[in-house]
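Here is a friendly note to read alongside the model. Please keep the coordinates open while you go through the points.

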Amino acid sequence: MILRKVKLTNFGIYNGAQEFDLLPLPTAQFNRPIIFVRGKNGVGKSTLVTAIRLCLHGALALDQRVAQQEFDDFLLRQIHRYPDGGDQPTEASVEVQFDYVNLGKKVTYRVVRAWSRQGNRVVKQLSIWGNDEPLSDGGIEQSETWLRELVPPGILNLFFFDGEKIQTLAEDSDHSHLLLAETVRNLLGLDTVEQLGKDLDLYIARQRTHSQVLHLQEELQTLVIETETLEGQLTDISQSQRELEAKIAERQALIAAQERQISAEGGKFASEREERLAQRQSLEAEIEALRRQVSELCSGLLPFAIAPKMLQSVSDRLEHEHEIIQEQVSQQALKRRLDKLTMRLSSPEFWSAFEEKVDAQFQATLLTQITAELHTSTASTATPAEPLLLHVSDKERSMLQSWIDQAMDETPQHFTEVISLLNERETQLTQVKATLARTPTVESIQPLLTQLHQLHHQLGGLEHEHKRLRDEQQRLAARKDQVTLQRQRIREQIDEHEKETSRIFLASRAQKVLEAYQARVTARKITHLETLLVNRFNQICRKKNFLERVQLDPQTFQTSLFRFGKTFSRKQLSAGENQLFAY
């Protein structure tokens, strides 16, 4: 659908006939399908959009359920009025020309909606031409139905944006989700499927059949009426939520301004006075504890840390004496083994094992030679005459060595950390004391705080009411789902009881096929829509892989954004990115 021209005659602030050429003309480089209307406040931007909606959809441009008298009053208010009085216009009209492609064929339609005041009545006219040929001669109701089928009302929510109201779609709120769900259903044609389901329910309920299913038909008709009532209540709640959200935003702005004034007069410091006092007490306690740690370190191994060379000498001496003791023990063990070997070689039993007899002189010479060789090969390299100075056991040596290691490494490092932390806390305590010294008392800004408290109280009441409406909305939605299930159950019962009645049987079968069709077409179209959302959003953001995937809930049409395989909230988008996503 491409808008070509809009002509307003005595509509709103537009006096006389005013014509707008809206045909987007592509250039050699760019296809420009978007029409941007800008101007100062009150020059008629919103009036132009209202006129287009009114021309295409009549009373539906106001609401799904609007009384005829209310629509007539709206039309009368839209007739232009001269500010200086005099004879006022009594009629107005809106004409919209647009191109529409259906089954590969482009048709230029021209829709003219006109009305006039005649006494206490409003006379309305609606004319439609296609390629300059009249299309409808069955009255205004038939023309309205034809227009709704050609251009569903909900579609306009996607293609006509009021710049002052685009924030509604950009915000990640309950109302924006409801608006998005309604719009997407209209875009995908699912509203027609849902309405067809309701019509089938009414058709089944109105069929006259035998007494076995009369009570089921009555119950089904009651449930259909209840469904419509619930939908009306949900619509009213949505309107109330929008009004509350506007009031909440107003209170939040007043609170922000009040807080800025209090902060300018030192209220921020005054409100934090108790916190600063508690912080000072905590710092003083921590400083006292750190000083005790310093005292304990000074009374322990810390004094030895100032003589690292002496500690190293003691450590080396302990190790050296440990080696001397080990050498002495080793020599004693070797001497015992040599004595045993000498006794073995001197015994007759050792030499009796040889076949030839060895004389005593040879035995003595051999024994002397072996003993000398063993003494030479196992001679000690230590100085046996070196005296032991410390005379400590292995347990005492290990304990002394541990103390030396702590005095040379752990204790100085721990002392340095404690001193550093102590200095840091003392600096913080000095800053806190200075802050307390210049902090005003709460009494000096008490009037401002009282007013701020009242604003918070009002905001709390509005938020509580908003929560109540949201809870009521959830309750009504749950009841609507329950009624839908009951309607489905009754349809199944009627289907079972009335298989012999072809019309009811076929209508029930059509209802089931319609539900299956709705589920399948929803899944297929949502998949296509998700792909388009990712491609178009990344394109207008000029970030190729900013969004990896978008997932739409097939029931609520709430969006889930994916990046790097994980979901992330729309709150992580910047304000500009949120508005681009809403567009």
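1. Arginine 475 has a relative accessible area of 47% and is partly exposed, a class that lies between buried (under 20%) and exposed (over 50%), judged with a 1.4 Å probe and protein chains only. Its salt-bridge partner is glutamate 472, with 2.5 Å from N to O; a salt bridge here is a side-chain nitrogen of Lys or Arg within 4 Å of a carboxyl oxygen of Asp or Glu. Glutamate 472 is partly exposed as well, at 25%. Elsewhere, salt bridges with shared partners join Glu286, Glu424 and Arg425 into one network.

2. A word on what you are looking at. This is a predicted model, in which local features need pLDDT of at least 70 and side-chain atom pairs count only at pLDDT 80 or more, while totals for chains, interfaces and linings use all residues. Residues are numbered from 1 along each chain as its sequence is written, and side-chain values use heavy atoms, with hydrogens and water left out.

3. For the overall picture, the chain has 17 helices and 9 strands, taken as DSSP runs numbered from the N terminus (helices H or I, at least four residues; strands E, at least two). Of its 583 residues, 31% are buried. Among contacts (heavy atoms within 4.5 Å) with a separation of 6 or more, 65% join residues 24 or more positions apart. The accessible surface is about 37500 Å², and carbon and sulfur atoms hold 52% of that surface; the areas come from the Shrake-Rupley method with a 1.4 Å probe.

4. How many salt bridges does the structure hold? The count is 17. One of them pairs arginine 4 with aspartate 99, with the closest N and O atoms 2.9 Å apart. Arginine 4 belongs to strand β1 (residues 2-9) and aspartate 99 to strand β3 (residues 91-102), so this pair ties together parts 95 residues apart in sequence. Aspartate 99 is buried at 7% relative accessible area, whereas arginine 4 is partly exposed at 28%.

5. Glutamate 226 and arginine 479 also meet in a salt bridge, at 2.7 Å from N to O. This pair links distant parts of the chain, 253 residues apart: glutamate 226 is in helix α8 (residues 214-264) and arginine 479 in helix α15 (residues 446-497). Both ends are partly exposed, with glutamate 226 at 23% relative accessibility and arginine 479 at 24%.

6. The search finds 2 cavities of 30 Å³ or more, a cavity being a set of points on a 1 Å grid over the protein atoms alone where a 1.4 Å probe fits but cannot get out. α2 (68-78), β4 (105-118) and β5 (121-130) each supply at least two lining residues.

7. Finally, the second largest pocket has a volume of about 160 Å³; a pocket is an open set with protein on both sides within 12 Å along at least five of seven lines. Leu301, Phe304 and Trp403 are among its lining residues. α14 gives the most to this lining, with 4 residues.

Key:
1 Å grid on protein atoms, 1.4 Å probe; cavity = no way out; pocket = protein on both sides within 12 Å on 5 of 7 lines; lining within 4 Å. Points joined across faces, edges and corners; volume = space filled by probe spheres on them.
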